[in-house]
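Welcome! Take a moment to look over the sequence and turn the model around before reading on.

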Amino acid sequence: MDEEKENKTLIINGETIAPGESKLVQLNIARLPTGTLIDIPVHVFNGKKAGPTVLVQAGLHGDEINGVETLRRMLQENRFSVKNGAVIVVPIVNIFGFIHFSRDVPDGKDVNRSFPGSKTGSLASRIANAYMEQVLSQVDFGIDLHTGGSQRHNHPQARYTSGDLKSEELAKAFNAPFYFASKLITGSFRKATFKKGIPTIVYEAGESMRFDEKAIKKAMQGVQNVFKTFGMLPKGTRQDKEKTSIHLEFTRWVRASRAGMFIPQIKNGQTVEKGQILGLITDTYAKKNKKVKAPFNGHIICVNHQAVVNQGDALFHIGR
Ligand SMILES: [Zn+2]
């Protein structure tokens, strides 16, 4: 890439952002029943010199707030003013979900299962459509910040699309404690971007509706690592001193063999050995204790924090 060349002018939602300029663009979505207009704030930072355009987003699931806080802090600390290329920052994609403390929009639909969406579809589908047309048309690659859902606590991890080498490179550059390939889900943001040829990674850390300081700090560092790896920051910017990300070849869920009260006995992120006791499922009357054991040597990357579980519930995500 020619570092001396001026970066391109971006056009988001009809507004132009010239090289060296930054702007807050409001993407009109819909109105609340009370008439209040809902827009998605899109922060655009266009560097002076040529380079890639990166989308960094959070809150696609409205209750997954670690990413929202990550981007708020990075905005406050002015960490998106890159020298080369441009950064598009969307701290909350699903505004409706965020104000309702919900993963979904008010009709119960998941925006992250509604891509690429349609202009005349459900609310979730309209949000996806507006986002595809106005934002994604400008993007070279994306970082999507999530947390575990339903009380599942994810140890910081980056997920890429199997066979998409650029997304694998992105996940590695992010340098979360773990990274691995994961399947594309129909209607997901990652599948829609994959189809458009925009490599995207999903960072997962912590759980919904709870701030997790470690998850937030790792995310801030991870986003910066990507900027650094793709030559967007000035020379001499501090390199991440953390040990490099562990690649997991495969992952699987350990599920509850019976219902009961669930007591995890290991730490999330911990290395475990085959047969090691990961937790207990007890009945409520002190009659029985069922041990949950590791199926193979590996790393624990998610722990369910739900105290009462049903048979078949996912308890631990383990990778190797
Ligand atoms: Zn999510």
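## A proline in a loop

Does proline 19 count as buried, exposed or partly exposed? This is a predicted model, and in it proline 19 has 16 C-beta neighbours inside 10 Å, so it counts as partly exposed. A residue needs 20 or more such neighbours to be buried, and 12 or fewer to be exposed.

You can find proline 19 in the loop that runs between strand 2 (15-17) and strand 3 (22-31). Setting aside its neighbours within four places in sequence, proline 19 is in contact with Glu6, Asn7, Thr9, Asn46, Gly47 and Lys48. Lysine 48 is 29 residues from proline 19 along the chain, yet the C-alpha atoms of the two are separated by 4.7 Å.

## The chain as a whole

The chain has six helices and 19 strands. Its C-alpha trace spans about 70 × 50 × 35 Å along the principal axes. A compact globule of 320 residues would have a radius of gyration near 20 Å, and the chain, with 21 Å, agrees with that.

Of the 320 residues, 46% count as buried. Among contacts with a separation of 6 or more, 65% are between residues 24 or more positions apart.

## Helix 1 and its surroundings

Let us turn to helix 1, which covers residues 66-76. Its buried residues are Asn66, Gly67, Val68, Glu69, Thr70, Leu71 and Met74. What covers them includes strand 5 (49-58), strand 6 (84-90), strand 7 (141-148), strand 10 (200-207) and helix 6. Just after helix 1 comes asparagine 78, with a positive phi of about 55 degrees.

## Helix 1 against helix 6

How do two helices sit against each other? Packed helices are described by the angle between their axes and the distance between the axes. For helix 1 and helix 6 (residues 213-229), the angle is about 55 degrees and the axes are 9 Å apart. That angle makes helix 1 oblique to helix 6, and the crossing of the two is right-handed.

On the helix 1 side, the contact is made by Asn66, Gly67, Glu69, Thr70, Arg73 and Met74; on the helix 6 side, by Ala215, Ile216, Ala219, Met220 and Val223. Sorted by class, this contact of helix 1 with helix 6 has six nonpolar, three polar and two charged residues.

## Helix 4 against helix 6

Helix 6 also packs with helix 4, at an angle of about 120 degrees and with the axes 7 Å apart. The two are therefore oblique to each other, and helix 4 passes helix 6 in a right-handed crossing. Helix 4 brings Leu170, Ala173 and Phe174 to the contact, while helix 6 brings Gly222, Asn225, Val226 and Thr229. By class, the contact of helix 4 with helix 6 has four nonpolar, three polar and no charged residues.

Our last stop is aspartate 164, in the loop between strand 8 (152-161) and helix 4 (165-174). Is aspartate 164 buried or exposed? It is buried, because 21 other C-beta atoms lie within 10 Å.

Leaving out its neighbours within four places in sequence, aspartate 164 is in contact with Phe194 and Pro199. Glutamate 133 is 31 residues from aspartate 164 along the chain, and their C-alpha atoms are separated by 23 Å.

Note on methods: Residues are numbered from 1 along each chain as its sequence is written. This is a predicted model: local features need pLDDT of at least 70, side-chain atom pairs count only at pLDDT 80 or more; totals for chains, interfaces and linings use all residues. Helices (H or I, at least four residues) and strands (E, at least two) are DSSP runs, numbered from the N terminus. Two residues are in contact if their C-beta atoms, placed from the backbone, lie within 7 Å. Axes are lines fitted to C-alpha atoms, for helices over the stretch in contact, and angles run from 0 to 180 degrees between N-to-C directions. Angles under 35 degrees count as roughly parallel, over 145 as roughly antiparallel, 65 to 115 as roughly perpendicular and the rest as oblique. A crossing is left-handed if the near helix is turned anticlockwise from the far one by less than a right angle, and right-handed if clockwise. Ala, Val, Leu, Ile, Met, Phe, Trp, Tyr, Cys and Pro count as nonpolar, Asp, Glu, Lys and Arg as charged, and the others, Gly among them, as polar. The radius of gyration is taken over C-alpha atoms; the globule rule is 2.2 Å times the number of residues to the power 0.38.
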